[in-house]
Amino acid sequence: MHLPQPLRPTRRRPPSRAFRHALPRPSRSRGIAAIAAVLALLAAVLTFGETASAAEVLLSRGKPATASSTEGSSYGAAKAVDGKSDTRWASKEGSGAQWLSVDLGSDVSISRVRLTWEDAYAKAYRIEVSPDGASWTKVYSTSAGDGGTDDVGSLATHGRHVRVYASTRGTDYGYSLWEFEVFGGTSGPDTTAPSAPTSPKVTGTTPTGVSLAWTAATDNVGVTGYDILRDGVAVGTSVGTTYTDTGLTTGVSYTYTIRAKDAAGNLSAPSAAVIGTPQAGSSSFTVAAAGDISDPGCTASQECGAQQTARRVEAINPDEVITLGDNQYDTGSLSDYRKYYDTTWGRFKAKTHPSPGNHEYDDSTPEAGYKAYFGDRATPDGTTWYSWNRGGWHFVALDSEQSMSATSAQIKWLKADLANNTQGCVAAYWHKPLYSSGPQADKVSQTAWQVLYDAHADLILNGHDHLYERYAPQNPKAKADPAGIRELLVGTGGADPYDFESPQPNSEKRVTGSPAVLKLTLTDGTYSGQLVRYDGTQLDSFGPVTCH
């Protein structure tokens, strides 16, 4: 829950910041030094600056910067890399985890990061590097931050993107940096291409799609992704070693090759060719799904998470849309639904089958805004749990904020609904996941899992944790089971991302840090899926899988 904060006064940079800005850590004195000590310290600063400039290069000045949020237009991400002592980046006030990232333009060696905090500092944060802005590696972390200037040296790493990820606030405000400086060296351009991917194969087909997989390429710095070529023309990209090509013609054969690329733009030779032919079969349809969607203030006129994922849903053009709860932050009020959600995901309201989350219950009357906004689409049977059919699939929407005990009205209804089902495939969805490698797994749905398992359900979709995770089929006791249910956790609809904690048993794929939408392609007897980032990059792909 995001709590309202008092009005924040405008804060000016303390006069002593100019000295702390240039000093290396561990020099962190906050006391008032004698005049002689100040003069000696200034001399040391000048000497350090000359030595540092000779040994390493400031890489981040003026480079493109992005942030998870900003306090306002005067506090954008670029303010932290502009080299000016009186401008700063500031996140939304009272926010949880937030991040600031800079794109260095190419893969370079990184030796040091210097953070000059404004009063709103991070008590706990980490520094991460990435070749592509999607997959991040931690190179430094602390839980004892106390503001001022943090000079983190001896990193001996490399990357194109550098991010400071702040997880615990040191004040009641958000986070704010006067300067975010990355130092390192440039050893000349990387001109070495990755090796070609090997062992390409077709892993499945649908009437209009071909699923591919291959063995990863290698690179002297690191592979950042793959181009998929159909009949010699690039048709998509993937950061992993799987891809599903859609929109094809049944019965027509297509020739595929895969090409690896690195952060410097070097391309490998194409892989060996493989032929895929979409197979005739049952009619298929598509479903787009995500939870944890719309933050207050995010509208269609802004480049924010909910608008980014809404554009991706438009590009997918699904037959049906599922929301997995916490559709509108912070309280799910009708006014906020109308001001924010309606301008983004509201564009698909006529084909949306929603479910509520805990933030819908934070309304002054729990779920009042949710029910009023979605109307009969939220309560087609008079309750917030309901079911619907399409093709060979039976969909069950549940409410994890209502009792799911064995004797509850919701579970009694679920048992009766499944007993009457005649469809061959079953998918259920609600907000709080039973399993998660993130911070918010919840046992509330244990009984619902058992009931669905006994009915041979195929899929369960959840949100709540702001990340993506795909599990192998398992039973309600977290034991791998080919006859079990596959959980898909898709809390990537637009709200600020969460980090993973401990990987759980049967977790097959984990992605965080980017707004994304799950695209499901369903036939009368199969399912396949792709997690598609807001820019169209596939972050995960699986299937086709045969229903139980």
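Reader: Which residue forms a salt bridge with Glu401?

Author: In this predicted model, the closest N and O atoms of the pair are 3.2 Å apart. A salt bridge requires a side-chain nitrogen of Lys or Arg within 4 Å of a carboxyl oxygen of Asp or Glu, and this pair is listed as one. The partner of Glu401 is Lys432.

Reader: How many residues apart in sequence are the parts that Glu401 and Lys432 tie together?

Author: Glu401 lies in the loop between E21 and H6, whereas Lys432 lies in the loop between E22 and H7. The pair therefore ties together parts of the chain whose separation in sequence is 31 residues.

Reader: Is Lys432 buried or exposed?

Author: Buried means under 20% relative accessible area. Glu401, at 25%, counts as partly exposed. Lys432 has a relative accessible area of 15%, so this residue is buried.

Reader: Which residues of helix H6 are buried, and why do they line one face of the helix?

Author: Helix H6 spans residues 409-419. Seen down the axis of H6, the buried residues fall within an arc of 120°, so they line one face. On the other side, Ala409, Lys412 and Ala419 are exposed. The buried residues are Gln410, Ile411, Leu414, Asp417 and Leu418.

Reader: Where does Cys425 lie, and which cysteine does a disulfide join to Cys425?

Author: Cys425 lies in strand E22, and its partner in the segment after strand E29 (538-546), so the pair ties together parts that are 122 residues apart in sequence. Both cysteines of the pair are buried. The S to S distance is 2.1 Å, and the cysteine joined to Cys425 is Cys547.

Reader: What is the handedness of the disulfide of Cys298 and Cys304?

Author: The sulfur atoms of Cys298 and Cys304 are 1.9 Å apart, and both residues are buried. The torsion about their S-S bond is about 85°, so the disulfide is right-handed.

Reader: What is the pairing of the bonded cysteines, numbered in sequence order?

Author: The count comes to 2 disulfides. One joins Cys298 and Cys304, and another joins Cys425 to Cys547. In sequence order, the pairing is 1-2, 3-4.

Reader: Which side chains make polar contacts with that of Gln98?

Author: Gln98 is found in strand E4 (residues 98-117) and, at 0% relative accessibility, counts as buried. Among the residues that Gln98 touches are Val164, Tyr175 and Asp496. Its side-chain polar contacts are one of 2.5 Å with Ser68 and one of 2.6 Å with Ser69.

Reader: Which residue forms a salt bridge with Arg259?

Author: The closest N and O atoms of this pair are 3.3 Å apart. Arg259 is in strand E15 (residues 254-262) and the partner in strand E12 (residues 223-230), 32 residues apart.

Reader: What percentage of the residues in the protein chain is buried?

Author: The secondary structure of the chain comes to 7 helices and 29 strands. Of its 548 residues, the buried ones make up 54%.

Definitions and conventions: Residues numbered from 1 in each chain as written. Predicted model: local features only at pLDDT ≥ 70, side-chain atom pairs only at ≥ 80, totals over all residues. Heavy atoms only, no water. Buried < 20%, exposed > 50% of the residue type's maximum accessible area, 1.4 Å probe, protein only. Helix = DSSP H or I, 4+ residues; strand = E, 2+ residues; numbered from the N terminus. Arc of directions from axis to C-beta. Disulfide = S-S within 2.5 Å. Polar contact = N/O pair within 3.5 Å; in protein donor to acceptor, adjacent residues only side chain to side chain. Contact = heavy atoms within 4.5 Å. Lists of a residue's contacts leave out its neighbours within four places in sequence.
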